[in-house]
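Reader: I would like to learn how to read a model like this one, feature by feature. Could you give me the general idea each time, and then the case at hand?

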Amino acid sequence: MLWSARFESGGFDEWTSVPGRGAMAFPTDPNNKIEVSTERAHSGSYAARLTIDASSAGVQENALLSRAGDLPIEAYYSAWYYLPRSVSVGTYWVIFKFRQRSVATDPSTEAELFDLDLVDCRVAR
């Protein structure tokens, strides 16, 4: 196993103690938060809880955990998500994102690769 994060320390040190990893909520809204919680842990005692206030129509809100660098070309990735209730997401929410670099050591060559998006299936497309 290359790396995993289970939050069992009660903090984000698995995300923040190594260069290229991070945990942050963008300050566009004081209700955007990242925290470690004992609610809804998938395994163990802790889980990350990321909260955004998506009530402002048309305003992008962010709370994220990120990892960059030292990733293999081929790997298996997994994540577990819990949504506390049915939500209306507007157009879509990006809940998992992969980016790529054409030159691994040059951040300016970064480009989008693919997203896992959450959409509201009740809305006619």
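Reader: What share of the contacts in the chain with a separation of 6 or more comes from residues 24 or more positions apart?

Author: A contact here means heavy atoms within 4.5 Å. Among the contacts with a separation of 6 or more, residues 24 or more positions apart account for 43%. Before going further, please note that this is a predicted model, in which local features need pLDDT of at least 70 and side-chain atom pairs count only at pLDDT 80 or more, while totals for chains, interfaces and linings use all residues. Residues are numbered from 1 along each chain as its sequence is written, and side-chain values use heavy atoms, with hydrogens and water left out.

Reader: Where in the chain is confidence lowest, and where is it highest?

Author: The score to read is pLDDT, the predictor's confidence in each residue, from 0 to 100. Where pLDDT is low, the predicted coordinates should not be read in detail. The chain has a mean pLDDT of 80, and 85% of its residues reach 70 or more. Confidence is lowest in strand E1 (residues 21-25), with a mean of 63, and highest in strand E6 (residues 110-118), with a mean of 90.

Reader: Which elements does the chain contain, and in what order do they run?

Author: Helices (H or I, at least four residues) and strands (E, at least two) are DSSP runs, numbered from the N terminus. The chain has 1 helix and 6 strands, and from the N terminus on they run α-β-β-β-β-β-β.

Reader: How many salt bridges does the structure hold, and which residues are linked in a network?

Author: Side chains of opposite charge can pair when their charged atoms come close. The criterion is a side-chain nitrogen of Lys or Arg within 4 Å of a carboxyl oxygen of Asp or Glu. The structure holds 6 salt bridges. One of them joins the side chains of Arg49 and Glu35, at 3.1 Å from N to O; this pair links distant parts of the chain, with Arg49 in strand E3 (residues 47-51) and Glu35 in strand E2 (residues 33-37), 14 residues apart. The network consists of Lys97, Arg99, Glu112 and Asp115. Within it, Lys97 meets Glu112 at 2.6 Å, N to O, and because Lys97 lies in strand E5 and Glu112 in strand E6, this pair ties together parts that are 15 residues apart in sequence. Lys97 also meets Asp115, at 2.9 Å, N to O, and this pair, again between strands E5 and E6, ties together parts that are 18 residues apart in sequence.

Reader: How many aromatic pairs are found, and how are the rings of Tyr77 and Phe98 placed?

Author: Rings of Phe, Tyr and Trp (its six-membered ring) pair if their centres lie within 6.5 Å, and planes under 30 degrees apart count as stacked, over 60 as edge-to-face and the rest as tilted. A search of the whole structure finds 5 such pairs. The centres of the Tyr77 and Phe98 rings are 5.0 Å apart and their planes stand at 70 degrees, so this pair is edge-to-face. Tyr77 lies in the loop between strand E4 (63-67) and strand E5 (93-101), whereas Phe98 is in strand E5, so the pair ties together parts that are 21 residues apart in sequence. Both rings belong to one aromatic cluster, formed by Tyr77, Phe96, Phe98 and Phe114.

Reader: Is Phe98 buried or exposed?

Author: Buried means under 20% relative accessible area, exposed over 50%, and partly exposed in between (1.4 Å probe, protein chains only). Phe98 is buried, at 17%, whereas Tyr77 is partly exposed, at 37%. Of the 125 residues of the chain, 14% count as buried.
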